[in-house]
Amino acid sequence: MSFWMVAAAAALGAAARYALDFHLAARSAGRLPWGTFAVNVSGSLALGALAGWVLFHDASTGWRVVLGTGFLGAYTTFSTWMMETLGLWQRGERAAAALNLAGSWVAGTAAAALGLWLALRLS
Amino acid sequence: MSLQQGPRVLWPPLASLLVVAAGGGFGGALRYALTLAFPADAAGFPWLTFGINTGGAALLGFLLTRLPASGPRAAMLRLFLATGVLGSFTTFSSFSLEVVELAGQGDAALALAYSVASIGVGLAACAAGVAAGRRSRPQAPR
């Protein structure tokens, strides 16, 4: 898979993340980081499913690279998760910060596991 | 249904999406290049993702603090560098899947250690970036 395909997939993933985050912030008055939570959990579910599919079908790693490393890697974001958690904490929203941290970790890990399981189950 | 003055903007403008996409292509490509240069050992601690995620968090903290809060130029730089490059450079999905894979290999301790390290160091790195950003800002005239 060419390098440019990965870059293009990443560009799309980033745009999708921004669009969804913008949309959810607009709908919810933007105080809580639902956008980042949504992309991170949905992206983890998708990556788990992709990994399961590639594993089962013994597919070339090309798809995992373009869709996984490229699109989903850019669609999800770790740095924004950290920054938003810090921001909540500094604004005195300590409970929200802790929930953002624990909730994203639990939901993201569970989503990846679920995606993997579903892909292997349904293959 | 609430009454509002004027239409509410529910989706970003195309120009902003393109700026984010451009930065995103760059950030994702950089991360991909690193995965080629440093292939991961499936059973070990995912050092590359860890480094990318914590390093990216530090840079984001610095950038968002250093950039002026308002103005069109700062907004454009934020979209390109923060949302675009750094948002795409770091990855949550790889982190989640790696935690699952480590646990699936029977190494729950490593999965937990990786999780705690990523989050702990990630937050510290981000805070350090913010502190450095504050120190580096030009002082307002008295």
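Reply: In this predicted model, buried residues account for 50% of the 123 residues of chain A. Chain A has five helices and zero strands, so that the order along the sequence is α-α-α-α-α by the DSSP assignment. The C-alpha trace of chain A spans about 50 × 30 × 20 Å along its principal axes. Among the contacts in chain A with a separation of 6 or more, 73% are between residues 24 or more positions apart.

One helix of chain A can be described by its length. α2(A) has 24 residues, and the distance from its first C-alpha to its last is 34 Å, close to the 34 Å expected at 1.5 Å a residue. Asp58(A) follows α2(A) and has a positive phi, near 50°.

Now the contact itself. On the side of chain B, 49 residues are in contact with 47 residues of chain A. The size of an interface is often given as the accessible area lost when the parts come together. Here the area buried between chain B and chain A is about 3,900 Å², and carbon and sulfur atoms give 76% of that area. Tyr32(B), Phe92(B) and Leu97(B) supply 18% of the area that chain B buries against chain A, which is more than any other three residues.

Polar pairs are also present. Between chain B and chain A there are 16 residue pairs in polar contact, counting pairs with both residues at pLDDT 80 or more. On the side of chain B that touches chain A, at least two residues come from each of α1 (14-37), α2, α3, α4 and α5 of chain B. The most is given by α1(B), with 11 residues.

The rule for salt bridges finds one across the interface of chain B and chain A. The side chains of Glu101(B) and Arg64(A) form this salt bridge, at 3.8 Å from N to O; the cut-off for such a pair is within 4 Å. Arg64(A) lies in helix α3 (residues 61-75) of chain A and Glu101(B) in helix α4 (residues 92-104) of chain B, so the pair joins two chains. Both ends are partly exposed: Arg64(A) has a relative accessibility of 30%, and Glu101(B) has 29%.

Over all chains, the search of the whole structure finds two salt bridges. Glu93(A) is in the loop between α4 (79-90) and α5 (94-122) of chain A, and Arg31(A) is in the loop between α1 (3-27) and α2 (34-57) of chain A, so the pair ties together parts that are 62 residues apart in sequence. Glu93(A) is partly exposed at 22% relative accessible area, whereas Arg31(A) counts as exposed at 52%.

The nonpolar part of the picture takes in both chains. In soluble globular proteins, nonpolar side chains tend to be buried together. The largest nonpolar core has 25 residues, and those that touch the most other members are Trp81(A), Met82(A), Leu101(A), Phe95(B), Tyr114(B), Leu123(B) and Cys126(B). Two or more residues of this core come from each of α4 of chain A and, in chain B, α2 (47-66), α3 (72-89), α4 and α5 (108-136). The largest share, seven residues, comes from α5(B). Apart from this core lies another, of 11 residues, which includes Val54(A), Tyr75(A), Ala112(A) and Leu97(B). Leu97(B) is also one of the three residues named above for the area that chain B buries against chain A.

Leaving out residues up to four places away in sequence, Tyr114(B) touches Phe45(B), Pro46(B), Thr49(B), Phe50(B), Phe95(B), Glu98(B), Val99(B) and Leu102(B). Ser115(B) is placed in helix α5 of chain B. With a relative accessible area of 2%, Ser115(B) is buried, because the limit for that class is under 20%. Under the exclusion of residues up to four places away in sequence, Ser115(B) touches Trp105(A), Phe95(B) and Val99(B).

How values were computed
Residues numbered from 1 in each chain as written. Chains lettered and ligands numbered in written order. Predicted model: local features only at pLDDT ≥ 70, side-chain atom pairs only at ≥ 80, totals over all residues. Heavy atoms only, no water. Helix = DSSP H or I, 4+ residues; strand = E, 2+ residues; numbered from the N terminus. Buried < 20%, exposed > 50% of the residue type's maximum accessible area, 1.4 Å probe, protein only. Expected span 1.5 Å × (residues − 1). Core = buried A, V, L, I, M, F, W, Y, C linked by side-chain atoms within 4.5 Å. Contact = heavy atoms within 4.5 Å. Buried area = accessible area lost by both parts, 1.4 Å probe. Polar contact = N/O pair within 3.5 Å; in protein donor to acceptor, adjacent residues only side chain to side chain.
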